[in-house]
Amino acid sequence: MEPIPFPPRRERRLRSKGGWAANVPKTSSEQQSKDGSSKVSRFLKAGLILGPLVLLGQAFDWSPENFMLSLPIVIIASYGLIALFLLISCIRFIGRSMSHDRSPEPKDEVYSEQVRKESEIIIDDYRLNKPVNRGVETVLSVAVWAIFLNLLQPIFTVVMWLAGVRLFQTQVFSLSAIEATTFMFKFIFYLGLVSFIILFSWASWNYWRYGRLSRRKPRPVMSDAEVAAFYKVPLAVVEEAREVKMAVCALDDKDGIQIKRVSLPIKEIVASILLLLVLYTPLSAEAVANTFSLKQLGYADDITVIGSNSDLPITFPLPRVPLLPGSTINLVVEPGKFLNDNSTFTFYLNDKSLGIYSAGQLKARPNVQLALPPDIGILGPAKLTISAHVYATDRICVDYQRGYLSYILRNSSSITYNFNNPAPRTVAEFLSTIARGVVVIVPDKPSPAEISAGAWTYGILKRYYSHLPVKFIFEKERAQYEGIPRVWVTSKANLPAAMSAYGDGLHLPFADTLLITANDGEILGQMARQLTSPEILAAIPSASINISVQNQAESKDKEKGKVFFGNTTSQSDILTVGVDFKLYPALLEEVPGSLKVRLQGRYSPSNIAGKQARLDVFANRTLIHSELLDDSGILDKEIYFPPSVPLKARNALGLEFVYPFETANCKVDGISQTAQILKSSYFQGKDHLSFDEFNWQNIGILFNKKGAIVISDYASEDIIRAVAETVAWLNSQLPPGTHALPSVYSTKDYSPAAKPVYLILLGLVDEIPEGFQAGIPLQRTKNYTIYKKDDQSVIYRYQPAVNTVVGQVGNYQGIPMVSLSANLQVGILTEALRYLQDTKSYDTLAGDILVYNGDPQMLSVDSRSVKIIGEDFSSTYTTWFKTVWYKAVALVKRWQTPLLWGLGIVLLLIVVNLLFGRVGGRKK
């Protein structure tokens, strides 16, 4: 018996499913149709590659604006593929219509009979649907509803705000929230527009293709009686099931289907829970929790305290807001193993005792946790003082000489604080509540004035928020730092649309944004300078850390050319009383060549007849003066820094009062000695520093004066970041209360008419003009080796194929100059400058030349104590190859955008060529 003929589409479907027509040979039109389908499928695969490539082209510059530019491209490309698919389908339809091997259409009765027979073998029983499938469907349904409700967040939030929710201003009136809402509205608009075009086009196609045909006939609606007969249930059950909204159906072999009406509004309850979750998300209070250790505060090593009676003060910066419960100071105090267990350690917080621990307790458990009172943040920084009264045996002087009287405070000791971040109303409140870090934003293509103002802002904030992450970024990178407070420095012309209404000044347009803007570049610099005003600095939590008692204003009132210093309280101990100060010659108006120190104070005379106390004076850890003191108890001395002690930007002045002792008078209850340096003490300059005496240790004397930073004419992002790090380095060399605010020039725009006191030169060595090379120790050269003069051993051999920074201190037309140049990539300048900001690393430098090549150490030498020989290593093949490689890497990084797009297009063409080439090969 011959099989019943079917229409071509029905026959192909049955053949593809392995039915009776699977072995029937294909017609020529079907073969052509398959080839066409293969082409379309491969073209669609190529289209799937196009979308990721377009997004990949934007990946390096990820921002909402660029993403919204790439989204229409992907959608248009996809829509073009759909249009091409429809065009190919039309061509195939026309080809089939003109074909002569079409099969005859069967009669309707025969066709209906065949459909009936096929329907009998279809299994359609809802009980066979697995619970896993039903669960997946439920989860997907709930997820879609949750997404839909989330899209209505702005409306719900406005309604809740009108109802009186006070946190709306904090959570919604922030730049990140507005940017996210704007992005969502744009995305919904584009998505809706494209969806409308696709649906409208598909509807139009259906109407044009099928609308005028009468092939589609609606199936007759089944009556309640037919449904009841099919399921073998009473008619009343079907009528009841049609009326109820929610019911539970129970299957029973005897009674059939039993319907129990559900009165509990489960759907309403679920919808209410989802709605509350959606509403709670944007309106929940944002609690801030932060922890930082002493290491982050600048204590690179553990603190070792020696002495029987000592007070160790540690200042922890805190946001000026009420703290939440759980805020603590966590200390690790390890007493010396020789200390008597009854020795005591008293912990004071802002001069209020928090507890007393014995040495025995700390030996058993060195971790001490002190709870912070809620109002401590409002009062200012938390000043912790550890007052130790320790002994080992009953002979305290002997214990001191043997080194038994000591304890260690680990730099892993930390502070943890929690608080609710309020909405700031003033600039001071904004700065006082920064707790997780801050970012400084400049335009993507800033002007020199914007670079200067942005670098000043970054240098000031990084100095006072040294315990927090401070970042310098460009406008296109801000999406990577959502939720972090930001300081936006820009001119009026580059203001974003959301802040275009603001004029010159410092503004708070959003809860998490401080805007510094001005119409003119010079005025923009004046606005940035306002961050150094005493009113604003007083609001910064860490501004009082290590504040020097030196007072430049006081010196001007009393006597010109003097900077006063001293202590308000006396120091005490048994045998040795130490007093330390930091002297900053930058506070003097003139640049000194050396220092003269006038010491005025009081001390305890020796209590042993015939023996006198001794005063030892140290300058930069070098003993410069020692003398026996009389019994008057009055100190009034003049001390000069000798030529053998080089002057530094930060000079350490150490005083030690050393007392004699007798065994009979050296019991635990012996006499404690005291000493104090009064605030009438001062230092002043002596002589003048010549150009050839400037080096890495003393060049910082000039940084609080008028300066200039000169960069290459092409201001790349790397060189702009290096400018910001340079300003941070300059500020790290200055005492509190003074700041480095140099102007930024390009090499073509700089003129000596600017009259800077010092000059900083940044850039690639090939981009530095010859004129700037004349006054530095190493002239422009590709290869050189530095030898010691004595034994001719090699200190450093410069390799042109290794990315290296060479720093030099010299002069340019009589102006002290610091040159920092990279030979291959400018990005390494940022690394070197961050290394210079580390106080411990910087203090190890010497001379006027330093070399940094990415290693965790920096080599520095003095050009007057070494011999520099230029050599030629570029003839070797490996060196030439490495040089070319690094140059290529720098070029690729500079032209990253067009190269990435070009690579994506070439890759796409290769894939399309391979796909269509294979189809053509099979045709042959």
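Strands β22 and β23 form a hairpin in which two residues lie between the strands, and N620 in the turn has a positive phi of about 55°. Helices (H or I, at least four residues) and strands (E, at least two) are DSSP runs, numbered from the N terminus. The structure is a predicted model, in which local features need pLDDT of at least 70 and side-chain atom pairs count only at pLDDT 80 or more, while totals for chains, interfaces and linings use all residues. Residues are numbered from 1 along each chain as its sequence is written, and side-chain values use heavy atoms, with hydrogens and water left out.

The pairing of β22 (residues 614-619) with β23 is antiparallel and runs over six bridges; two strands pair if DSSP finds at least two bridges between them. Strands of a sheet pair through backbone hydrogen bonds, either parallel or antiparallel.

Over the whole protein chain there are 24 helices and 37 strands. Of its 924 residues, 42% count as buried, where buried means under 20% relative accessible area, exposed over 50%, and partly exposed in between (1.4 Å probe, protein chains only). Of the contacts in the protein chain between residues at least 6 apart in sequence, 74% join residues at least 24 apart; contact means heavy atoms within 4.5 Å.

A further hairpin is formed by β33 and β34, again with two residues between the strands. In its turn, Q813 has a positive phi of about 55°. Strand β33 (residues 805-812) is mostly covered, with seven of its eight residues buried. Eight bridges connect β33 to β34 (residues 815-822), and these two strands run antiparallel; N811 is bridged to P816 in β34. Strand β33 also pairs with β35 (residues 849-852), in the antiparallel sense and over four bridges. In that pairing, V805 has Y852 of β35 as its bridge partner.

Among the helices, α20 (residues 717-732) and α21 (residues 827-837) have axes that come within 8 Å and cross at roughly 10°. That crossing makes α20 roughly parallel to α21. Axes are lines fitted to C-alpha atoms, for helices over the stretch in contact, and angles run from 0 to 180 degrees between N-to-C directions. Angles under 35 degrees count as roughly parallel, over 145 as roughly antiparallel, 65 to 115 as roughly perpendicular and the rest as oblique. On the α20 side, the residues in contact are D718, I719, R721, A722, E725, T726, A728, W729 and S732; they meet G827, L829, T830, L833, R834, L836 and Q837 of α21. By class, seven residues of this contact are nonpolar, five polar and four charged. In this classification Ala, Val, Leu, Ile, Met, Phe, Trp, Tyr, Cys and Pro count as nonpolar, Asp, Glu, Lys and Arg as charged, and the others, Gly among them, as polar.

S387 lies in strand β10 (residues 382-389) and is buried, with a relative accessible area of 8%. Its side chain forms a polar contact of 3.0 Å with that of D311 and another, of 3.3 Å, with that of H389. A polar contact is a pair of N or O atoms within 3.5 Å; within protein, one must be able to donate a hydrogen and the other to accept it, and residues adjacent in sequence count only if both atoms are side-chain atoms. Apart from neighbours within four places in sequence, S387 is in contact with S310, D311, T344, F345, T346 and Y348.

S413 is located in the loop between β11 (406-409) and β12 (414-420) and is buried, at a relative accessible area of 0%. The side chain of S413 reaches the backbone oxygen of R410 at 2.8 Å. Residues up to four places away in sequence not counted, S413 touches S293, L294, N330, L331 and V332. L331 is 82 residues from S413 in sequence, with a C-alpha to C-alpha distance of 4.5 Å.

K755 occupies the loop between β29 (743-746) and β30 (758-764) and is exposed, with a relative accessible area of 65%. K755 and A708 are separated by 47 residues in sequence and by 8.9 Å in space, C-alpha to C-alpha.
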